[in-house]
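Let's take a quick tour of a protein model. Have the structure open while you read, and look for where its parts meet.

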Amino acid sequence: MKTATDLEVSHVLSMYRTMVRIRRFEEETEVCRKDGRIVGSAHLSIGQEAVPTGVCANLTISDKITSTHRGHGHTIAKGCDVTAMMCELFAREGGTSQGKGGSMHIADFSVGMLGANGVVAAGVPIAVGAAQGLKLNKKTDLVVCFFGDGAINRGPFFEGLNWAKIYELPVLFVCEDNRYAAYTRTSSVTAGAGAAARAEGIGVPASSVDGNDLIAVSRLVIELVKKIRRGEGPQFLHAQTYRIKGHTVSDGASYRSEEEVAEASSLDPIIRCGSYLVDAGISQEDLDSIWIEESKRIEKAVDTATNAPWPPPEIAYADVQDIGAQRWQS
Amino acid sequence: MAILSFSEAARDALREEMRRDSSIWALGEDLGQGGIFAQYSGLAEEFGSERIVDTPISEATIMGAAVGAAIVGTRPVVEMRFSDFALCAVDELVNQAAKARYMFGGQCRVPLVARQPIGIEGSHAAQHSQSLEAWWVHIPGLVVVAPATPSDNKGLLKSAIRCDDPVVYLEHKGLWGLEGEVSDEEDWIVPLGVARVAREGADITIVTWSSMVQVAESAADLVAANGISVEIIDLRTLWPWDEEKVCESIEKTGHVLIVHEAVQVAGFGAEVFATIVERVGNSLKHPPRRMGGPRIPVPYSPPLEELCTISSRQIAEAIKSLLYPNVSPRN
């Protein structure tokens with residue numbers, strides 16, 4: 001039996017709640033996307049919740065993150081309000097981007113979430129630049145750069161890692177390896193020994209972890225964050241996980257076998273964390289009540305979003321630019 | 001006032017702004033050595049390697065890092081070396097810098113300046129000679145600036161650095177050595193979006209920018225001998241451009257010729273042309289005309305390269321044929 005010697009049980013319990021919140025948010029996202037209430041594309045991270053949770057739970061609120069098209073988990077884990085997020089997915093007033101961004105452009109600068117991104121690997125240069133800017137402004141915050149295994153085949157990945165290392169920037173690169181680059185098995189299009197080896201090749205120290213083991217992710221992140229805060233430069237975390245759902249809600253993912261999905265599902269990070277907590281003395285009732293509370297929270301978010309008004313047309317013309325912006329004319 | 005080159009004027013602008021605001025910094029290849037056109041000379045010595053940052057040849061990350069640094073509260077000045085190389089950073093400029101504020105519902109600003117040396121100069125050939133202002137003007141979110149004089153290069157660069165929007169700043173390579181009077185008052189700037197009347201005249205308006213301003217001035221001298229009085233409007237800022245000043249001038253002269261070095265097809269001149277027709281078409285005594293480069297990559301050999309440039313003589317001929325369409329050209 002595992003015991004929480006280095007991680008406080010209350011901390012793990014809090015992370016468990018975050019994972020449940022992400023799961024319930026995305027389960028409802030799938031429902032609302034299929035029934036048409038969510039109007040645009042949504043990429044789910046069901047099965048991957050331990051990675052954003054184990055990372056963000058060990059940051060401060062002023063630390064920054066950059067995210068991806070599959071960014072609900074990162075955003076929730078960093079502390080964004082799920083009602084504002086759901087309003088954004090519903091393209092309504094009250095959304096995090098006023099209904100102008102949607103799922104792929106979720107952001108909450110008030111909690112250090114510098115934005116999801118519709119372009120694979122685009123967050124890598126932004127993250128290293130944010131770290132450079134924070135350093136220039138004498139801030140001690142660090143930046144976590146989340147990206148998927150598909151991103152490691154884009155140029156900005158290589159450029160950004162090199163950049164972080166030569167300037168010894170406070171960046172934690174987190175590769176969430178869910179084994180698929182959209183519809184394609186990443187290993188079939190990736191030469192060499194993979195993400196961690198590429199990082200090591202550039203001189204960025206890399207660690208690998210079972211990304212469905214919240215405790216392992218959390219322990220490792222605590223160590224890596226300490227090193228970064230000591231000024232040791234960038235670190236790389238390769239977290240192996242699995243994308244239970246398709247690339248988008250509308251992707252049936254017929255390119256992989258049921259056995260493969262079933263096997264991956266048996267390693268569900270929330271179930272594993274629940275077992276850990278029960279072993280550590282938390283009652284199943286307590287865990288069940290977390291599910292009930294988080295489900296209510298998400299239901300309320302969906303309800304608010306369903307009833308929120310569409311954004312007024314003048315919003316489409318706002319926040320383009322200060323100089324030379326075209327004006328809304330009714 | 002001091003006599004400075006176009007390059008020195010830009011260097012002074014950046015130096016003054018960096019002294020004023022410690023959140024301003026510059027990044028790009030070889031900046032520690034003054035930049036390839038000496039437009040950063042002496043700055044690394046004054047501000048150190050953390051604020052004049054020598055980067056790897058990683059255009060995407062130079063621009064992308066600037067976006068990241070801008071959204072956390074600094075004001076980066078990006079050097080792209082040649083505008084042609086900015087094409088390696090189009091995602092970062094177009095999809096990230098220009099859209100972050102909008103996509104995130106106004107949660108951030110992206111106050112960066114992307115300096116891009118443009119234009120045909122000294123057999124740089126197809127990948128080092130382009131003027132792509134039309135690309136950037138087309139992108140919502142970007143401000144686009146193209147100075148023509150040392151004075152404007154100082155005053156506009158200062159304004160661009162102070163602007164909270166991402167600014168594409170186009171410096172023509174043929175202008176680096178151009179000398180002129182420049183204000184040395186630190187608070188002196190040239191506002192964005194305001195055109196300059198480079199020459200007053202009565203018979204025809206030439207709308208132009210960047211290196212073509214000087215060529216247009218020579219053309220105006222040539223046709224002055226024929227008794228033609230040319231007004232030259234140097235747009236200076238291409239987005240937003242000073243429609244009012246252009247329209248006022250056309251209402252006075254009744255004729256307009258638009259001149260730019262960039263490829264004429266789908267060039268920014270087409271936008272200016274269309275706007276003029278829509279707004280003051282009734283004031284025109286003859287149809288407007290535009291002159292731009294041929295739609296061929298810029299060739300290396302000088303006699304071939306010259307086919308892509310517009311001379312003062314060609315402009316002078318165009319002025320005469322526009323004003324007197326029924327007179328066959330002589331000389």
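In chain B, 24 residues of domain 1 are in contact with 23 residues of domain 2. Keep in mind that this is a predicted model.

**Inside chain B**
- Domain 1 covers residues 2–182, and domain 2 covers 196–323.
- The C-alpha centres of these two domains of chain B sit 26 Å apart.
- On the side of domain 1 of chain B that touches domain 2 of chain B, the elements giving two or more residues are helix H6 (133–137), strand S6 (143–145), helix H7 (150–162) and strand S7 (167–172) of chain B.
- Sort that side of domain 1 of chain B by class and you get 15 nonpolar, seven polar and two charged residues.

- In soluble globular proteins, nonpolar side chains tend to be buried together.
- Here, the largest nonpolar core has 197 residues, and Val171(A), Val174(A) and Leu237(A) have the most contacts inside it.
- Leaving out residues up to four places away in sequence, Val174(A) touches several residues, including Val51(A), Phe146(A) and Leu237(A).

**Where the chains meet**
- Chain A puts 38 residues into the contact, and chain B puts in 40.
- On chain A's side, H5(A) brings the largest share, 10 residues.
- By class, the side of chain A that touches chain B has 18 nonpolar, 15 polar and five charged residues.

Definitions and conventions:
Residues numbered from 1 in each chain as written. Chains lettered and ligands numbered in written order. Predicted model: local features only at pLDDT ≥ 70, side-chain atom pairs only at ≥ 80, totals over all residues. Core = buried A, V, L, I, M, F, W, Y, C linked by C-beta atoms within 7 Å. Buried ≥ 20, exposed ≤ 12 C-beta atoms within 10 Å, placed from the backbone. Contact = placed C-beta atoms within 7 Å. Domains from an automatic or database assignment. Helix = DSSP H or I, 4+ residues; strand = E, 2+ residues; numbered from the N terminus. Nonpolar A, V, L, I, M, F, W, Y, C, P; charged D, E, K, R; others polar.
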